[in-house]
Structure formats: C-alpha cells, structure tokens
Amino acid sequence: MAGFEAINNFYETIAEDNRIGYSHISLYITLLYFIQDKPLNNPFHIYREKIMLKARMSRRTYNKCMRELVDYGYLKYEPSSNPAQGSKVILNKL
C-alpha cells in the first residue's frame with residue numbers, strides 16, 4: 001500500500017468511527033511519516049521517543065492512543081524493552 005493510499009484509507013475509515021480523536025490521528029499519521037521513505041512494510045520498528053516528539057504527545061497520551069488503535073483494529077503493536085530494536089508495529093489493512 002503506497003503512502004497516499006494508506007492516508008486515504010485511514011481517513012475514509014475514521015470518517016465513520018466516532019471513537020477516533022485528534023490524538024489518534026496524529027499518532028497514526030506520524031507512524032506513516034516515519035515509514036514514508038521505505039516501502040510500507042509490515043511489520044516495521046519504531047522508537048517511542050521519536051514518535052512522541054513528532055506527534056507532539058506525552059507518554060501517557062501515546063500509550064493510551066496506541067492501546068486504543070490496537071483495540072479498535074487499526075494496528076498491532078508489540079512494545080520492546082530493547083532500545084536498540086524498537087517496538088514492532090503492523091498496520092492492519094483498512
């Protein structure tokens with residue numbers, strides 16, 4: 001799925017999902033931003049601190065939104081305790 005297609009699919013999906021707020025949108029778009037130079041591979045690895053900085057959110061908001069995006073079926077997330085590896089994210093097909 002190409003970058004623009006991923007964004008379009010996301011916005012079309014959230015248009016009908018009242019659970020999604022601006023923090024969820026910011027986090028999801030930031031995830032897409034960090035993988036824009038690469039093919040949209042699933043899974044990919046992220047570093048929480050970099051994501052939080054770009055998405056302009058606190059750790060608490062990051063954790064809450066990430067958990068909710070998982071619960072709502074937008075992605076899968078496997079946190080890592082290894083700082084060299086990063087956490088694994090899989091974007092679900094929307």
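User: Leaving aside neighbours within four places in sequence, which residues is tyrosine 11 in contact with?

Analyst: Tyrosine 11 touches Ile25 and Ile29, once neighbours within four places in sequence are left aside. Contact here means heavy atoms within 4.5 Å. This is a predicted model, in which local features need pLDDT of at least 70 and side-chain atom pairs count only at pLDDT 80 or more, while totals for chains, interfaces and linings use all residues. Residues are numbered from 1 along each chain as its sequence is written, and side-chain values use heavy atoms, with hydrogens and water left out.

User: How far apart are tyrosine 11 and isoleucine 25 in sequence and in space?

Analyst: In sequence, tyrosine 11 and isoleucine 25 are 14 residues apart; in space, their C-alpha atoms are 8.7 Å apart. Tyrosine 11 belongs to helix 1. Helices are DSSP runs of H or I with at least four residues, strands are runs of E with at least two, and both are numbered from the N terminus.

User: What makes the rings of phenylalanine 10 and tyrosine 28 a stacked pair?

Analyst: Rings of Phe, Tyr and Trp (its six-membered ring) pair if their centres lie within 6.5 Å; planes under 30 degrees apart are stacked, over 60 edge-to-face, and the rest tilted. By this rule there are five aromatic pairs. For phenylalanine 10 and tyrosine 28, the centres are 4.0 Å apart and the planes are at 5°, so this pair is stacked. Phenylalanine 10 is in helix 1 (residues 3-14) and tyrosine 28 is in helix 2, 18 residues apart, which links distant parts of the chain. Both phenylalanine 10 and tyrosine 28 are buried.

User: How do you know that the pair of phenylalanine 10 and tyrosine 74 is edge-to-face?

Analyst: The centres of phenylalanine 10 and tyrosine 74 are 5.9 Å apart, and the angle between the planes is 75°, so the pair is edge-to-face. This pair also links distant parts of the chain: tyrosine 74 is in the loop between helix 4 (59-71) and strand 2 (75-78), 64 residues from phenylalanine 10 in helix 1. Phe10, Tyr11, Tyr28 and Tyr74 form one aromatic cluster.

User: Why do phenylalanine 10 and tyrosine 74 count as buried?

Analyst: Phenylalanine 10 has a relative accessible area of 0%, so phenylalanine 10 is buried. Tyrosine 74, at 3% relative accessibility, is therefore buried as well.

User: What makes helix 2 oblique to helix 3?

Analyst: Helix 2 (residues 22-34) and helix 3 (residues 48-55) pack at an angle of about 120°, with axes 9 Å apart. That angle makes helix 2 oblique to helix 3. Angles under 35 degrees count as roughly parallel, over 145 as roughly antiparallel, 65 to 115 as roughly perpendicular, and the rest as oblique. Axes are lines fitted to C-alpha atoms, for helices over the stretch in contact, and angles run from 0 to 180 degrees between N-to-C directions. Ser26, Leu27, Thr30, Leu31, Tyr33 and Phe34 of helix 2 make the contact with Lys50, Ile51, Lys54 and Ala55 of helix 3.

User: Why is helix 3 called roughly perpendicular to helix 4?

Analyst: Helix 3 and helix 4 pack at about 100°, with their axes 10 Å apart. This makes helix 3 roughly perpendicular to helix 4. Arg48, Glu49, Ile51 and Met52 of helix 3 meet Arg59, Tyr62 and Asn63 of helix 4.

User: Is arginine 59 buried, partly exposed or exposed?

Analyst: Arginine 59 has a relative accessible area of 44%, so arginine 59 is partly exposed. Arginine 59 lies in helix 4, and its C-alpha is 8.3 Å from that of glutamate 49, 10 residues away in sequence.

User: Where does arginine 56 lie, and why does arginine 56 count as exposed?

Analyst: Arginine 56 is in the loop between helix 3 and helix 4. Its relative accessibility is 77%, so arginine 56 counts as exposed. The phi of arginine 56 is near 60°, a positive value in a residue other than glycine. Most residues other than glycine have a negative phi.

User: How do you know that serine 23 is buried?

Analyst: The relative accessible area of serine 23 is 18%, so serine 23 is buried. Serine 23 is part of helix 2. Leaving aside neighbours within four places in sequence, serine 23 is in contact with Met57, Thr61 and Cys65.

Methods
Buried means under 20% relative accessible area, exposed over 50%, partly exposed in between (1.4 Å probe, protein chains only).
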